[in-house]
Amino acid sequence: MSKVTDDAAAQLTAVLRDGMTIAVGGFGLCGIPTDLITIVRDSGVTNLTVASNNLGVDGKGLGLLLENGQITKVLSSYVGENKLFMKQYIDGQLDVEFVPQGTLAERMRAGGSGIPAFYTPTGYGTPIAEGKPTAEFDGRTHVLERAINADLALVHAHTADHYGNLRYRLTARNFNPLAAMCGEVTFAEAEHIVEPGGIEPDDIHTPGVFVHHLMQATAEKDIEQRTVHPRPETPDSETQEVA
């Protein structure tokens, strides 16, 4: 059955509700589901808990939801380039749970794999471990981390087929496969949607079983930090005799 929808806004809005937890793929502005985030912004839902590596930048990505006052709590690895995120965190207006990047990835993966919790040595002896159970394995203390089970997941893919199988491109893969796994309902947007069989089995990064709704991505890609330098001049070619 095809999972492609021509009215993702209506289907996503029907799922959205105040107070829900949303897992969102992306890293900064790389691989973020811009179209889906915009739908969430326009819906006006509030009191959201967002699990994502960071909140994009001011005025872009998840920064749109932050500026609109829709996010109450964040599970994130770092503040990133979002000045409003930093301000709200410092002012105590935003409940922020900082999670080491690898732990955040594993918490999402565990949620999608039916694993309720796991132990990791990362964070032991730091504020991250405060109040969490610990156990010793092979002479090393580990911290118990709970899986992330989101009510909704939003992801961006480069290519998808009608069955919802997804393929990501290069570093835009980042947290997308993990976020797709841990959502009770997962919406995906893709730059290219192909017929079934259009993605080789070995090239599928997220199996369609994790995806419930699929839409065509239309938003322009933004670059978080553009770094350019002059192209080095090519010296004039010289004819050399070969001895």
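These questions and answers set values from a predicted model against the definitions behind them. Local features need pLDDT of at least 70, side-chain atom pairs count only at pLDDT 80 or more, and totals for chains, interfaces and linings use all residues. Residues are numbered from 1 along each chain as its sequence is written, and side-chain values use heavy atoms, without hydrogens and water.

Q: What is the average pLDDT of the protein chain?
A: The predictor's confidence in each residue runs from 0 to 100; the protein chain averages 92, and 96% of the residues score at least 70.

Q: Why is a set of residues called a nonpolar core?
A: Because its members are buried Ala, Val, Leu, Ile, Met, Phe, Trp, Tyr and Cys residues joined through side-chain atoms within 4.5 Å. The largest such core has 28 residues, of which Leu 12, Ile 22, Val 40 and Leu 154 touch the most other members. With four residues, α2 gives the most to this core. A second, separate core of 24 residues includes Leu 104 and Val 155.

Q: Which residues does Leu 154 touch?
A: Among them are Leu 12, Ile 22, Val 40 and Phe 187, with residues up to four places away in sequence not counted.

Note on methods
Buried < 20%, exposed > 50% of the residue type's maximum accessible area, 1.4 Å probe, protein only. Helix = DSSP H or I, 4+ residues; strand = E, 2+ residues; numbered from the N terminus. Contact = heavy atoms within 4.5 Å.
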